[in-house]
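The following exercises concern a single protein structure.

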Amino acid sequence: MKIPKQRKAYCPYCKKHTEHKVNATKKKQASSLTYGSKVRARRRGQARGTGNLGRYSKPAVTKFKMTGAKQSKKTDLRYECKVCKKSHLQGKGKRAKRVEFV
Ligand SMILES: [Zn+2]
């Protein structure tokens, strides 16, 4: 997905629309399972970490149904106001395989 480097957006600090610089948030260390999918996996008796008396009866994390199901990630953008230099996060991310700044 192509995203413009600059955009007019509402600044909650200036309380009006101003020119903003668009930045992608730094990549976080991806965990193989999110907390939510661990909870769902635990309900089905698949997740690790609730004690198994030392036995290895649970499959590897990569064998779980929920892991790696999605190919795209939601964009996580940060808008920096050019007037007050403060930044705020985007409201909602859109799914995209690749993010490109134009
Ligand atoms: Zn501002």
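**Exercise 1. The positive patch**

Which residues form a positive surface patch?

Solution. The model is a predicted one.
Step 1. The patch is formed by Arg 40, Arg 43, Arg 44, Lys 65, Lys 70, Lys 73, Lys 74, Lys 92 and Arg 95.
Step 2. Helix H1 (35–43) and strand E4 (73–74) each contribute at least two residues to this positive patch.
Step 3. Lys 70 is placed in the loop between H1 and E4, and Lys 65 is also found in the loop between H1 and E4.
Step 4. Exposed means a relative accessible area over 50%. Lys 70 has a relative accessible area of 60%, so it counts as exposed. Lys 65, with a relative accessible area of 70%, is therefore exposed as well.

**Exercise 2. Distances across the chain**

State what separates the C-alpha atoms of Lys 65 and Ala 41, and of Lys 70 and Lys 97.

Solution. 
Step 1. Lys 65 and Ala 41 are 24 residues apart along the chain, and 8.7 Å lies between their C-alpha atoms.
Step 2. Lys 70 and Lys 97 are 27 residues apart along the chain, and their C-alpha atoms are separated by 9.8 Å.

**Exercise 3. The order of elements**

Give the number of helices and strands in the protein chain, and the order in which they occur.

Solution. 
Step 1. The protein chain contains 1 helix and 8 strands.
Step 2. Read from the N terminus, the order of the elements is β-β-β-α-β-β-β-β-β.
Step 3. As for burial, 22% of the 102 residues of the protein chain count as buried.

**Exercise 4. Phi angles**

Solution. 
Step 1. Most residues other than glycine have a negative phi.
Step 2. Lys 15 is not a glycine, yet its phi is positive, at about 60 degrees. Lys 15 lies in the loop between strand E2 (6–11) and strand E3 (16–24). With a relative accessible area of 64%, Lys 15 is exposed.
Step 3. Lys 85 is likewise not a glycine and has a positive phi of about 65 degrees. Its place is the loop between strand E5 (77–81) and strand E6 (87–89). Lys 85 counts as exposed, at 60% relative accessibility.

**Exercise 5. The salt bridge**

How many salt bridges does the structure hold, and which side chains meet in a salt bridge?

Solution. 
Step 1. Side chains of opposite charge can pair when their charged atoms come close.
Step 2. The structure holds 1 salt bridge. The side chains of Glu 100 and Arg 98 meet in a salt bridge, with 3.3 Å from N to O. The cut-off for such a contact is 4 Å.
Step 3. Glu 100 has a relative accessible area of 33% and is partly exposed, whereas Arg 98, at 59%, is exposed.

**Exercise 6. Cysteines**

How many disulfides does the structure hold? Are Cys 14 and Cys 81 buried, partly exposed or exposed?

Solution. 
Step 1. A disulfide is a covalent bond between the sulfur atoms of two cysteines.
Step 2. The number of disulfides in the structure is 0.
Step 3. Buried means under 20% relative accessible area. Cys 81 has 0% relative accessibility, so it counts as buried.
Step 4. Cys 14 has a relative accessible area of 23% and is partly exposed.

Technical notes
Residues are numbered from 1 along each chain as its sequence is written. This is a predicted model: local features need pLDDT of at least 70, side-chain atom pairs count only at pLDDT 80 or more; totals for chains, interfaces and linings use all residues. Side-chain values use heavy atoms; hydrogens and water are left out. Patches are made of residues with over 30% relative accessible area and no salt bridge: like charges are joined within 9 Å, nonpolar side chains (Val, Leu, Ile, Met, Phe, Trp, Tyr) within 5 Å. Accessible areas come from the Shrake-Rupley method with a 1.4 Å probe; for residues, only the protein chains shown count as cover. Lys and Arg count as positive and Asp and Glu as negative; His and the chain ends are not counted. The place of a charge is taken as NZ of Lys, CZ of Arg, CG of Asp or CD of Glu. Helices (H or I, at least four residues) and strands (E, at least two) are DSSP runs, numbered from the N terminus. A disulfide is a pair of cysteine sulfur atoms within 2.5 Å. Buried means under 20% relative accessible area, exposed over 50%, partly exposed in between (1.4 Å probe, protein chains only).
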